[in-house]
Amino acid sequence: MSRRALLLPGPAALLALFLGVRLGVSPLKHYDLFFHLAGGRYVLEHGFNRVDPFSVTGTAGWVPHEWGFGVISALLVKVLGAAGPALLTGALVAANVLLLWAVLGRATPRRGLLALGVLGLVLAVQSPTWSQERPFHLGHLLFALAVLGAQAWRSGNDRVLWFAPLVGAVWANLHGSWLLGPALLGATAMGHALDAPEQRPRAVRALVASLAMFLASALSPSGPSIWFYPLHHSALASTQNINEWVPLDLAVGWSWAYLALLGVAIFCVGQAPVRRVAILLPALGLGIAALKVQRHAPFGAVLVGLALLEHAAPIRGLVWPEFVRRPARAIDETFARWSARARGALWPALALVLLAAVSWQHPVPVEQGVMRSRFPLACFEALRKLPPGKVLNRFTIGGAISYFAGTDYKVFIDSRNDPFPQPIHDDYTRILWSEPGWEESLARYDPDYLLWDEENPGNILLNQLRQRGGWREEARDGQYVLWVRTRSSSR
């Protein structure tokens with residue numbers, strides 16, 4: 001590869017540069033980041049613990065299956081301050097864009113306008129996740145890497161199979177999407193056996209590698225129980241109420257990008273003279289799964305896009321007018337030449353390194369690097385000055401309480417979801433909406449503190465407690481209030 005190719009940025013490199021810098025300088029804004037930071041800090045200080053250290057209600061046990069992301073984020077905070085998780089997010093998104101462009105390049109002989117359009121639709125499906133500092137960026141990146149490995153194997157490179165168990169073990173400690181790795185490799189192997197029956201011995205070896213990849217996931221704090229975790233988690237009633245786990249929501253714009261990609265792919269496959277089961281089998285499975293659970297759409301879009309490119313061909317019977325065909329062909333050829341000659345991944349990497357160097361020299365505390373309107377920092381600070389106790393809190397800010405106030409202040413619930421049995425979720429709903437039995441639910445938990453918001457429906461509980469008495473306001477920050485229970489001295 002020439003020096004010019006390394007320095008000349010291609011389309012993916014320019015997009016990666018923009019996204020990496022944009023996300024790398026953004027304030028921390030996602031609530032879930034903070035239970036990962038709290039968990040990562042706890043693991044670094046105390047190791048792993050099956051007993052939930054952040055609540056007394058998380059009796060289902062702490063399942064830190066994404067502990068790796070939390071530890072990485074906590075270490076980056078120590079070195080880079082608040083910029084650490086933001087730069088990590090920017091780097092992961094940028095790397096994912098570059099890797100996806102490489103994946104699409106292996107599926108088509110030339111990366112012209114069609115490849116760019118597929119990349120645009122895939123990224124449109126993934127774009128709602130970009131602003132969120134969460135471990136599924138690692139899942140997206142590892143999935144793209146797994147797809148690249150499956151493509152290399154289909155091209156005759158059997159050596160990539162030796163890396164499958166390693167990728168499986170690493171993936172299982174970073175993100176819950178790890179099961180997609182062995183599923184992708186296994187489905188690709190079965191499809192390839194149908195495409196090329198004479199290569200069935202190779203397909204058998206790939207199936208063995210996919211099994212090894214699955215088994216290697218047990219090299220995690222959860223051990224072999226992680227094999228059953230995806231099924232257990234998806235079967236939880238509380239999971240069904242999480243936005244990511246509902247069927248594809250047509251009210252959001254990105255879902256239409258997914259459907260457009262799916263529709264064009266179906267058309268291309270339908271009119272293709274030869275169909276490749278090696279890509280169609282995994283694309284069909286994950287593509288349908290994304291309709292049922294929209295969390296899978298960012299992964300399914302990658303496979304659907306590959307199926308589209310592998311089966312794309314001139315549409316039979318369709319002839320464009322010359323005044324359309326000629327400029328379109330010229331633009332397509334120009335873009336394809338640019339894509340072939342340019343790489344330029346150096347530039348997003350260099351930009352992120354420079355931002356990291358600045359943050360290393362001048363780290364900003366996390367409290368100063370968050371989106372201030374989302375987090376009641378004054379309430380957290382006031383809580384830290386009070387004696388340890390139990391906090392009744394809104395679902396979204398439980399992780400932030402654990403991070404900013406510490407483990408001495410046990411939250412009622414947080415967005416980890418898994419540690420809390422269904423009765424706790426039911427109690428939370430009753431308390432939130434003052435449904436029949438809410439007073440008994442409150443009495444069972446018997447909180448010392450209340451960190452709640454005043455906006456509907458939060459105001460419902462606050463109005464009820466004002467009428468009952470027994471609480472005093474300690475702090476206020478934006479829409480949130482911190483109340484302290486006033487207990488009788490005889491207690």
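A salt bridge is a side-chain nitrogen of Lys or Arg within 4 Å of a carboxyl oxygen of Asp or Glu. The model is predicted, with local features needing pLDDT of at least 70 and side-chain atom pairs pLDDT 80 or more, while totals for chains, interfaces and linings use all residues. Residues are numbered from 1 along each chain as its sequence is written, and side-chain values use heavy atoms, leaving out hydrogens and water.

**View 1. The salt bridge of R202 and D158.** The side chains of R202 and D158 meet at 2.8 Å, N to O. R202 belongs to helix α10 (residues 200–216) and D158 to the loop between α7 and α8 (164–172), 44 residues apart; helices (H or I, at least four residues) and strands (E, at least two) are DSSP runs, numbered from the N terminus. R202 is buried at 12% relative accessibility, whereas D158 is partly exposed at 26% (buried is under 20% relative accessible area, exposed over 50%, partly exposed in between; 1.4 Å probe, protein chains only).

**View 2. The salt bridge of R416 and D52.** The closest N and O atoms of R416 and D52 are 2.8 Å apart. R416 lies in the loop between β2 (409–411) and α19 (422–433) and D52 in the loop between α3 (32–46) and α4 (67–80), so the pair ties together parts 364 residues apart in sequence. R416 is buried, with a relative accessible area of 11%, and D52 is buried at 5%.

**View 3. Strand β3 (residues 449–453).** In β3, 5 of 5 residues are buried. Y449, L451 and D453 point one way, and L450 and W452 the other.
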